[in-house]
Protein chains: 2
Amino acid sequence: MRRALITGGAGFVGSTLADHLLDLGVEVAILDDFRTGRREFVVDALARGAELFEGDVLDDATLAAAMAGADVVFHLQANADVRHGLEHPRLDLRENAVSTSNVLEAMRAAGCRRIAFSSTGSVYGEPEVVPTPETAPFPVQTSLYGASKVAAEGLISAYAHGFDFAATIFRFVSLLGERYTHGHVIDFYRQLRADPTRLAVLGDGRQEKSYLYIQDCVDAMMTAVEHQGDTAGTDIYNLGTDATVVVDESVALITSHLGVDPVIEKAGGRRGWAGDSPLIHLDTTKIRSLGWRPTLTIPEAIARTLDWLDSEPAIALPAETVAS
Amino acid sequence: MRRALITGGAGFVGSTLADHLLDLGVEVAILDDFRTGRREFVVDALARGAELFEGDVLDDATLAAAMAGADVVFHLQANADVRHGLEHPRLDLRENAVSTSNVLEAMRAAGCRRIAFSSTGSVYGEPEVVPTPETAPFPVQTSLYGASKVAAEGLISAYAHGFDFAATIFRFVSLLGERYTHGHVIDFYRQLRADPTRLAVLGDGRQEKSYLYIQDCVDAMMTAVEHQGDTAGTDIYNLGTDATVVVDESVALITSHLGVDPVIEKAGGRRGWAGDSPLIHLDTTKIRSLGWRPTLTIPEAIARTLDWLDSEPAIALPAETVAS
């Protein structure tokens, strides 16, 4: 790996990966349109020589410029808003599947054949096998986000098969840690900083999910990508920890961290929203078979996330709260 | 079922389904752009009261007009050219996945919630389990066609989950019978009518695939759609026969029918083309559990196809051959 293009390189995963690749002496090109990526996440990387291309992967000229000279593409740019998919039903397909098609075509034009892709554990829908292995029964999609990621996975593996691409696909659980910017931990944190007396919880609080610390995630990605090398084909890895927490446990950790004792107001229902999976726990035997192990437990990752939110009020808190 | 919209209603499956629905007293709207659909296939249906809307499902105004009053949509319009997908890598995604998104949004706008969709056995890629059940291990896509159909399946099931659509998805083997217009039988037929002394065969002739007679296919579709009714959710069915033929057997049936004895020139290789699956045999236990049975064996379906090609030289033979 000489030079890597990271689409969505100013995001949570992308910017952490950029720092890691620079540590390894890899040249880094960052493509980001800063709709959800943040400039402060790439300040260090840019100071250390990463090159920034500002735009979207649907902008062919910017994409081609960003790809020049890259021998690996980490395609991380995506609409990651799984929760509100039904409010804009065309968005996931365009931003996750059509975008991926654009990246693949730009790679073909540039002669770049190694791709790593951030898919999601949401592709398993509501799986019948838990912990869910990569070879779980052909799932039925329950969210437009999951459907769009399945579409992108399919495109990538068809390119790998037809054009001899070397593809590594990651199905993540939710990630935690430094630069975390969306998900239930920040939702709860913001609510409790605004009003420590009450906390609104979607669903029944029994949703059970696995999480992974961002540095462990980046280590796992690099392990798998190096293992794939430039061998044509598709390898798919679940990335997660071999544990879960239920929302109620997560609430306890957050309230304890903040020293508050709110009334918990549960919306009820097994799912937090339509398309939410009430149980996400991935079988990570395959990535572990490459020697990778996570270094933090989920409670440790939550603690690390809360410490980071404490240190970053501009990100952690709504503007009016910061100003007050 | 009062009124059905059939997208791709002038195609092989669509026009046969239209005739069948008219037999049942269902009103029929046909949407077709006649790029691969054929006017002669819908002459009878139109004479019997079916309504024709000429255009593509990506044309919003035509789609909305065609959908007015429909309580069921059979979404069959697709790019079905699995073989040449790599020559136009954006086409399958646009014509099969983005098109499906458009149909789903038009249904939502019109308040229509029942959809039947023609997917494909190609979504299983090169399956490890044969005969392949609907719940086969999460497959890796080997063709852009399969990837685009997986994308469409995902969108439809996410709508079913999020918007209470009643969805029935069919994963077909290849179909044979009257109005068949593309596939290896017509390729071989045309070659042998042009030059009975030689026959070029893609691959090694050992590719083994299942086929289904078109009338049996339409019967199976109706059985499953009536079973689903307007119950929200997604049901997925393999449609095929519990048998296969290898290409060599198919060649023997066709040469015998034509009374020719050509030199067989095999290109070699397990696959007919990049993305071809050398073995397609679907487990049809699920559709059989609803009482459906095919009426024709594969050799009988091939014979029926050859008889039809004999009777339709304008379709069966290239223009120069017909003129001579």
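To compare copies of a chain, we superpose them by least squares on the C-alpha atoms of residues with pLDDT of at least 70 in both. What we have here is a predicted model, in which local features need pLDDT of at least 70 and side-chain atom pairs count only at pLDDT 80 or more, while totals for chains, interfaces and linings use all residues. Residues are numbered from 1 along each chain as its sequence is written, and chains are lettered from A and ligands numbered from 1 in the order in which they are written.

Let me start with the two chains. Two copies of a chain are related by a rotation about an axis and a shift along it. Here a rotation of 180° with 0.0 Å of shift along its axis places chain A on chain B with an RMSD of 0.0 Å, and the two copies are thus related as by a two-fold rotation axis.

Which residues meet between them? If we call two residues in contact when their C-beta atoms, placed from the backbone, lie within 7 Å, then 33 residues of chain A are in contact with 33 residues of chain B. Helices here are DSSP runs of H or I with at least four residues, and strands are runs of E with at least two, numbered from the N terminus. On the side of chain A that touches chain B, helix 4 (91-110) and helix 5 (144-163) of chain A each supply at least two residues, and helix 5 of chain A gives the most, with 12 residues. Because 100% of the interface residues of chain A are also interface residues in chain B, the copies meet through the same surface.

Now to the inside of one chain. Chain A is divided into domain 1 (3-175 + 212-239) and domain 2 (177-209 + 242-280 + 295-318), with bounds that come from an automatic or database domain assignment. The C-alpha centres of domain 1 and domain 2 of chain A lie 25 Å apart, and their contact takes 22 residues from domain 1 of chain A and 17 residues from domain 2 of chain A. On the side of domain 1 of chain A that touches domain 2 of chain A, the elements giving two or more residues are helix 1 (12-23), strand 7 (174-176) and helix 7 (214-228) of chain A.
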